[in-house]
Amino acid sequence: MLISHEQRLVTLPAQAVTTRPPERDNSYTNSDVSRRGEVGVSSKRSNNAIWKLVVEDDETPVQTVDHILSRYSELRKGNPSQYQKLEQIQTDQPFASVELQLWVRSAWSRGLLPFLKSYLASEEDEEKFFRSSLDVCLFIATKSSLFAITSGNGYRILSDYVDYSFAFDTAKKLIANNFKEADVREITGPRTGRTETYRYGYSISKSESFGKVWKRLVGRLDSTRLGPKSYLRAIIDPNRPPALELKSSFVLRKSLDLRQLISLVHELEALPEPTKEHALELSFLDSLYPVKPKGHREQLNRRLIEEFRLYLVEGKSIDLDICDPEDVAQYYAGTSFKLGRWPILAADPPEKEHLRNILLDKLRVEILEDSRLFYEKVKSMRLSYLPADEDNESHRVVHELHKYFHAQVQSNGDTYFLLDKIWYRSQGTFLENLKTDFLEETFDAPDRILLSDLPGKKPWTAKDEDGFNRNQATAENYYYGDKIFAVSDRGKIELFDLLLQDQASGVLYVIQVKDGFDAKMRDACSQIATAADVIESDLKHEKSQLRAYYKEWAANAENSSSTLTEEQFLALFDAQERCYVVLAATKTDFTRETFETELPSHIARREVITTRQELKGKGITFRLVHTKKGAATNVQK
């Protein structure tokens, strides 16, 4: 019996079952299958999720099935209670150039028995709670591709082999930019994700897709794109095309029997590439997609930690940022940072350079020189800190070191990003689109992101951000704010590193400073976006937080000589325009050419673009400004 998603029962791990389930016959035969397709049961099944599986270059689709089953058998030997026995049901092979393989496994559920067991009047009634569910996986092997449909928890049998780009690549060839539902993960801004439903068909623009990962989209099939001999055209009403659901699988929301589904698979294999016009319209689908297979994620973790080792011992470049993914603001306001038991001195918070110094000093040479030993050591290490104004060690925040990593790595010609503990792979033309959009927004847009300079900006001659901030704050109309925190409903927030009142233009520049244009820009952009939200909100509520902040600001040693009164300080924020700025320092100028060759960080580009979009949507101005390290900078008067 094929169990539909609607009929699926919750499957509990077998080790959780303490009462022996009743004996049942779990064998399956061809006659059983044929009988179950008789009178009263429709041969059609609606909303079939079609998975495409990755077939390696040196394998055939059938060999990939063998590989999946062999791997499952190995997992079962190690944990038979979690990986139930798979049994093959023999099927006819009526379809030319297609091989079917049908595999099932049974699982037991106790339902509410653990919750109610002690209240049952009779132990004999316990048996009534036991239910068997069936996980089904049908492999469909064509000459060049491998597909599958599943029911129950059959998906878990093949999840490590799914081609997660298939659904969205197919969508570009079939779907109209007219959507009804969307599940979105957001990797910028205050939200982590949300579900959207649209009252009418909604067209998504590329600009609003920045910072989003599409987990699921539901839209309409574009029947105008089907050729005259299209199989889909023959089974749908072109005037009322069915919905397509895109996630890690491809779903045509229409009831199909197996023969029709096989025909659909053949059509999906043969779909022509989209026209340039249609590809551009749906270019928002070229985004970041989570890496799902556990084995692949483990490979990327090993690759990143090996690059981290080479950064330590050989000084090789690495696009790596260190930040608490659970609470960015708390991390930046934190104190007493430790790597294991070792204090990280002069680092509030630590960056990759601080980790390099302490690990080179503390780790044995044989660990630093051995990839395996170094990987095991890093995976076992903990980074901890105390939240601001907290001296109780029991409140120390502790995470595994590698969970603080945010990075970009290359593997087998593809680019991957580790953001907030999740690995993402760039899809389609995402990186090329990102570069094009960044260059356009930075240099060519009417309100371009890049400022030519800031009035009174001094050369970067200091060894770090703190030194630059202290020196720059001595310039006329600049004010120091590094590591001075405002108390908000988001915790302690650093409102700015520097504040600039431009007397000539009437603009107030709220500035975050960052050494480099790499993964660190993620922190800088997050800080400036949070500061903008806090400041703009407070200006609508009588400046209560800014008033409290002034007391902390005036008490800081760097501001001890300032004659700025509280009312004068608050008046700065009444400027006719407030501009929120990230000032980035690099050894090379910001030009189109250097962004093509010397400043390759996709994370930095993406953070600048998404911050621009996020703040622009709130009516807040965001800009980027550059200063060159180690050389005098022309001062714009």
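Predicted model: local features only at pLDDT ≥ 70, side-chain atom pairs only at ≥ 80, totals over all residues.
## Exercises: pockets, cavities and domains

Residues are numbered from 1 along each chain as its sequence is written, and side-chain values use heavy atoms, with hydrogens and water left out.

**Exercise 1.** Find out which residues line the second largest cavity.

*Solution.* Start with the term: on a 1 Å grid over the protein atoms alone, a cavity is a set of points where a 1.4 Å probe fits but cannot get out, a pocket is an open set with protein on both sides within 12 Å along at least five of seven lines, and lining residues have an atom within 4 Å of a point. Next, the list: Asn-301, Leu-304, Ile-305, His-402, Phe-405 and Leu-418. Helix α9 (residues 294–314) gives the largest share of this lining, three residues; helices (H or I, at least four residues) and strands (E, at least two) are DSSP runs, numbered from the N terminus. Last, the space inside is about 30 Å³, a volume being the space filled by probe spheres set on the points, which are joined across faces, edges and corners.

**Exercise 2.** Work out where the second largest pocket lies relative to the domains.

*Solution.* First, the domain assignment (automatic or from a database) gives domain 1 (48–188 + 195–284), domain 2 (294–426) and domain 3 (431–628). Then look at the lining: domain 2 and domain 3 both give residues to it, so the pocket lies between them. Its volume is about 1,400 Å³. Of its 45 lining residues, Glu-351, Glu-353, Asp-515, Asp-518 and Lys-520 are the closest to the centre. Sorted by class, the lining has twelve nonpolar, twelve polar and 21 charged residues.

**Exercise 3.** Locate the salt bridge between Asp-169 and Lys-172.

*Solution.* Go to helix α5 (residues 166–174), where both residues sit three apart, about one turn of the helix. The structure holds 47 salt bridges.

Note on methods. Nonpolar A, V, L, I, M, F, W, Y, C, P; charged D, E, K, R; others polar. Salt bridge = Lys/Arg side-chain N within 4 Å of Asp/Glu carboxyl O.
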